[in-house]
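Below is a short briefing on one protein chain. The points are grouped by topic.

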Amino acid sequence: GAVIVAAANNCGLASIPGCATNPNGKSYPAASNHVIAVGALGADNTLAVYSQHNDAAHGNWVSVAAPGGLCAQASPDTCVFSTWPSSKVCSATKGCYSGPTGQYAYLQGTSQASPHVAGLAALLFAANPALTNIQVKQIIESTANRSIATGAVTNGLIDATAAIRAALANTSPPSSTPVPTLT
């Protein structure tokens, strides 16, 4: 009954270190059936250059986009401020910040974008506990703003307001179709 959300990965270009052998290739588990694959957007709502995305060679496997940051820009405000394990060394250019339970750092990536989608799924279940995982996935995808990241992702930028409205309006009984499981 869970909604599975996965980062699309950060090899959108062959010039990215470590990406030359399979640039923009499908990444698993994101490309698996019944998973919401998430691409990353920069602060300007365009696909981040590192984000894997849909293309003619690999098909339409990236479902939605969410803010993932783009630290290559001049200001740390264009990154995502995120938790960072204290056992790792933080970026010399962006820095780390001590917190009560660890550290925080300015980061970028589809791993920073996918929690936005997972959080939206949780909000939808809270708004309407009768929803199935399939319905939540469909609501997230169908309410996304298709005018943002057009072509790069199948459904566009997630839209929390539209998704919550759709969840609250969904009064149909749960589907009797079996809930798919990953094998």
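Which residue does a disulfide join to Cys71? The partner is Cys79, with an S to S distance of 2.2 Å. The model is predicted, so local features need pLDDT of at least 70 and side-chain atom pairs count only at pLDDT 80 or more, while totals for chains, interfaces and linings use all residues. Residues are numbered from 1 along each chain as its sequence is written, and side-chain values use heavy atoms, with hydrogens and water left out.

**Overall architecture**

- The protein chain has 3 helices and 6 strands; these are DSSP runs numbered from the N terminus, helices being H or I of at least four residues and strands E of at least two.
- Read from the N terminus, the order of elements is β-β-β-β-β-β-α-α-α.
- Of the 183 residues in the protein chain, 42% are buried (buried is under 20% relative accessible area, exposed over 50%, partly exposed in between, with a 1.4 Å probe and protein chains only).
- Among contacts (heavy atoms within 4.5 Å) with a separation of 6 or more, 64% are between residues 24 or more positions apart.
- The accessible surface of the protein chain is about 9400 Å², and carbon and sulfur atoms hold 57% of that area (Shrake-Rupley method, 1.4 Å probe).

**Nonpolar cores**

- The largest nonpolar core contains 25 residues, and Val64, Val117, Leu124 and Ile140 have the most contacts inside it (a core is a set of buried Ala, Val, Leu, Ile, Met, Phe, Trp, Tyr and Cys residues joined through side-chain atoms within 4.5 Å).
- At least two residues of this core come from each of β2 (35–41), β3 (64–67), α1 (110–127), α2 (133–143) and α3 (160–169).
- The largest share, 5 residues, is supplied by α1.
- Another core, of 15 residues, lies apart from this one and includes Ala30, Ala37, Trp61 and Ala65.
- Beyond its neighbours within four places in sequence, Val117 contacts Val5, Ile36, Val38, Val64, Ala66, Ile140 and Ile158.

**Two residues in context**

- Val5 sits in strand β1 (residues 4–7) and is partly exposed, with a relative accessible area of 22%.
- Outside four places in sequence, the contacts of Val5 are Val35, Ile36, Val38, Ser114, Val117 and Ala118.
- Leu157 belongs to the loop between α2 and α3 and counts as buried because its relative accessible area is 13%.
- The C-alpha atoms of Leu157 and Val64 are 5.8 Å apart, although 93 residues separate the two along the chain.

**Disulfides**

- The structure has 2 disulfides (cysteine sulfur atoms within 2.5 Å).
- In the Cys71 and Cys79 pair, Cys71 is buried at 14% relative accessible area, and Cys79 is buried at 10%.
- Cys11 and Cys19 form a disulfide with sulfur atoms 2.0 Å apart, and both residues are buried.
- The S-S torsion of Cys11 and Cys19 is about -70°, so this disulfide is left-handed.

**Aromatic pair**

- The whole structure contains 1 aromatic pair (ring centres of Phe, Tyr or the six-membered ring of Trp within 6.5 Å; planes under 30 degrees apart are stacked, over 60 edge-to-face, the rest tilted).
- Phe81 and Tyr106 make up this tilted pair, at 5.0 Å centre to centre and 45° between the planes.
- Phe81 lies in strand β4 (residues 80–84) and Tyr106 in strand β6 (residues 102–107), 25 residues apart.
- Phe81 is partly exposed at 46% relative accessibility, and Tyr106 is partly exposed at 21%.
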